[in-house]
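Biologist: Could you walk me through how to read a structure like this one? I'd like the general idea first, then the case at hand.

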Amino acid sequence: MKKSKIYIVLPVFNWEKYILEQLFSIYNQTYSKRKLIIIDDCSVDWTSKLIKKFIKDYSLDKKVFLYKNEKNLWVNYTIEKGLKIIQKESKKDDFVAYCDADDIRTRNKLEKQIEFMNETNCVISYHDLVTIDNLNNIINKSYQLKLISPFCNTFSNNLFEFAMSQHVTSTTMMFKADKIDDLLPFSNAIYQDHWTILVFSILYPNKIKYLNEKMVFYRRHLWSASLKSKDKKEKIQKIINLLEDAYKLTNKKDIKKYINIYKIKLWNTNNHLSSILTIIQIFLKYPFIGLKISTKIMSYPMRKLYWFFYYS
């Protein structure tokens with residue numbers, strides 16, 4: 001049986017501190033038929049020089065390709081550029097995997113994930129990961145168990161789940177290369193992981209699969225661990241923009257109700273009565289605390305009811 005090729009998209013911007021760890025983790029992968037597409041978004045440190053030296057030292061000029069943006073484009077446009085490169089040369093049975101410059105992959109990540117996708121015949125898959133700090137110390141042994149929103153349910157990979165509470169990180173994703181057309185053009189509203197999983201949940205609701213394996217060491221930086229209160233409004237507005245872009249791309253009418261829910265949430269955040277509304281919401285939440293804690297087994301109807309009360 002002919003092996004499929006995996007294209008890895010790696011955007012980089014001033015990641016000289018971590019880039020070599022990631023490159024070695026890709027270089028040591030047990031799945032050999034792969035191609036790494038690196039897009040440098042105008043780094044001003046030693047990132048590009050380190051990558052070029054790595055390619056030269058390990059004779060990887062046929063497996064690793066470095067491109068450089070003419071101007072800083074931000075991560076979404078950088079990844080979109082990588083996807084367009086892959087789109088021109090990939091074949092029907094090939095796959096695409098996102099990659100973050102500061103993460104580390106287990107040696108069998110690509111091999112396990114592509115085997116899982118072939119077995120389940122899914123369009124996109126994702127998996128669990130271990131979070132680490134700047135010094136590679138383990139923070140949490142399972143992202144899906146410890147760090148995702150309490151509203152998330154990894155057993156329900158549908159539009160409701162991803163519109164209301166995205167829980168898939170880009171570095172764990174792998175999808176079929178012939179579906180790149182469905183993702184373009186990228187939304188500029190929010191990051192590539194939310195856009196990708198949202199579009200696929202609209203177009204292929206039964207073709208998203210979760211692989212219960214920890215195959216990435218995902219670096220969390222302390223400076224980005226929390227949002228300031230003023231950033232919450234901005235994040236909600238970005239999600240509204242994201243959903244509106246998804247509606248334009250797919251014409252899925254169900255998206256409109258999620259747009260309205262977030263608009264209500266934004267109004268609550270901006271309104272002077274938000275503190276009172278928050279207190280009311282807390283009282284409405286209490287009957288569902290048990291379900292919130294055991295979110296993995298929360299039924300879909302009850303979760304919808306929870307969201308109704310939460311955003312009322």
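Modeller: Here is a short tour, from the whole chain down to single residues. This is a predicted model, so local features need pLDDT of at least 70 and side-chain atom pairs count only at pLDDT 80 or more, while totals for chains, interfaces and linings use all residues. Residues are numbered from 1 along each chain as its sequence is written, and side-chain values use heavy atoms, with hydrogens and water left out.

Biologist: How many helices and strands are there in the protein?

Modeller: Both are DSSP runs numbered from the N terminus: helices are H or I with at least four residues, strands E with at least two. The protein has 13 helices and nine strands.

Biologist: What share of the residues is buried?

Modeller: Buried means under 20% relative accessible area, exposed over 50%, and partly exposed in between (1.4 Å probe, protein chains only). Here 49% of the 312 residues are buried.

Biologist: Is Asn69 buried or exposed?

Modeller: Asn69 counts as buried because its relative accessibility is 4%. You'll find Asn69 in the loop between strand 3 (64-68) and helix 3 (74-89).

Biologist: Which residues is Asn69 in contact with, leaving aside neighbours within four places in sequence?

Modeller: Contact means heavy atoms within 4.5 Å. For Asn69 the list is Ile39, Asp40, Asp41, Cys42, Thr78 and Lys81.

Biologist: And where does Tyr27 sit?

Modeller: Tyr27 belongs to helix 1 (residues 19-27). With 32% relative accessibility, Tyr27 counts as partly exposed.
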